[in-house]
Amino acid sequence: EQLLPITGLPVENSGSDVMGRMMRIGLMARSIEDLKSGVEIVSGPDNQDADGLSIKRITCGAPVPNQLRIGLASSAGGLQVSDEVNAAMYSFISKLTGIGHIVEEINQSQFDFHASRETFLNLFYPVLASGMPSLIRWIARYLGGAKYLDLSIKKYFRAEKTRSNLISQLESIFNDYDILLCPVTATPAFPHMKPDQYTGSNPIYKKKILMEGKEFGYAEANMGFTIPFSVTGNPVITLPIGFSSDGLPIGIQVIGRRYNDIKLLNIASVLSSITGKINYPCN
């Protein structure tokens with residue numbers, strides 16, 4: 001179950017329940033208080049998605065402690081971030097530690113970020129493959145290099161098992177920390193690229209983006225930091241923490257324990273007071 005129903009998302013008709021459990025609807029708001037109001041309005045089951053979790057069934061938990069224990073996944077298991085993202089992240093962390101909160105880099109062995117990204121591919125692409133004509137799927141897989149377009153039921157079940165293990169791994173981190181912080185993307189916003197080709201309806205990007213003089217994959221820079229938490233289904237709030245030299249916003253993910261959405265919102269309220277006033281480009 002999830003707090004917000006997925007009615008209207010393409011994945012609700014994907015034929016795979018696992019996609020509904022990994023994909024989430026997110027709200028955008030100017031403040032955490034506005035976000036809380038929005039969540040209260042749209043949460044819970046509706047007539048089409050009965051798996052929506054009523055907000056009344058989620059405990060508010062204990063009050064936010066005066067001293068937060070914060071885990072940090074600064075590279076999400078080895079991905080690189082730009083100098084500006086890195087600077088904004090550690091400036092924010094400095095503010096947190098400066099008023100008494102504890103921030104520690106988590107041990108890389110605690111959660112397998114690489115496996116989480118592989119698991120997403122091993123669960124997502126078979127859903128695409130199941131809706132493709134067999135000839136097109138064969139050509140894409142064996143001639144086009146789309147190795148994840150695999151309809152092996154054994155492989156799919158292994159991916160489901162790996163997902164369960166990853167959920168347990170990440171949940172164990174919250175035995176030691178109230179929240180986990182992680183970058184949102186590798187860089188501030190970059191120009192969207194036109195896909196080089198499509199596998200069914202899925203866009204394929206072969207071109208690279210440039211970061212600190214090195215080339216990185218478009219999907220890796222754009223989704224590599226967020227996919228792990230889609231796989232585990234943990235609630236995530238993205239907070240703005242600064243701007244690039246070009247005036248582009250830089251954010252950070254704040255991740256909480258599963259089904260602790262309200263506690264996460266309460267903690268985010270505290271964190272948003274630390275980020276300071278954000279001057280939006282327009283009213």
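Before I start: I call a residue partly exposed when its relative accessible area falls between the buried limit of under 20% and the exposed limit of over 50%. By that rule Asp 196, at 35% relative accessibility, counts as partly exposed. I also keep in mind that this is a predicted model.

**Entry 1: the whole chain**

I looked up the overall make-up and found 9 helices and 9 strands in the chain. The chain has 283 residues, and 46% of them count as buried.

**Entry 2: two helices**

Next I went to helix H3 (residues 83–98) and helix H9 (residues 261–275). Their axes are 10 Å apart and they pack at an angle of about 110°. That angle makes H3 roughly perpendicular to H9. Which residues meet there? On the H3 side I noted Phe 92, Lys 95 and Leu 96, and on the H9 side Leu 271, Ile 274 and Thr 275. I sorted the residues of this contact into 4 nonpolar, 1 polar and 1 charged.

**Entry 3: salt bridges**

Side chains of opposite charge can pair when their charged atoms come close. I counted 6 salt bridges here, and wrote up some of them.

Arg 69 pairs with Asp 178, with the closest N and O atoms 3.7 Å apart. Arg 69 lies in strand S1 (residues 69–72), while Asp 178 is in the loop between helix H6 (153–173) and strand S3 (179–183), so the pair ties together parts 109 residues apart in sequence.

Lys 155 and Asp 150 form another salt bridge, at 3.6 Å from N to O. Here Lys 155 is partly exposed, with a relative accessible area of 26%, and Asp 150 is buried, with 11%.

Then I looked at Lys 207 and Asp 196, whose closest N and O atoms are 3.1 Å apart. Lys 207 is in the loop between strand S5 (202–204) and strand S6 (208–211), and Asp 196 is in the loop between S3 and strand S4 (197–199), 11 residues apart. Lys 207 is partly exposed at 38% relative accessibility, and Asp 196 is partly exposed too, at 35%.

How values were computed: Residues numbered from 1 in each chain as written. Predicted model: local features only at pLDDT ≥ 70, side-chain atom pairs only at ≥ 80, totals over all residues. Heavy atoms only, no water. Helix = DSSP H or I, 4+ residues; strand = E, 2+ residues; numbered from the N terminus. Buried < 20%, exposed > 50% of the residue type's maximum accessible area, 1.4 Å probe, protein only. Axes fitted to C-alpha atoms, helices over the stretch in contact; angles between N-to-C directions. Parallel < 35°, antiparallel > 145°, perpendicular 65-115°, else oblique. Contact = heavy atoms within 4.5 Å. Nonpolar A, V, L, I, M, F, W, Y, C, P; charged D, E, K, R; others polar. Salt bridge = Lys/Arg side-chain N within 4 Å of Asp/Glu carboxyl O.
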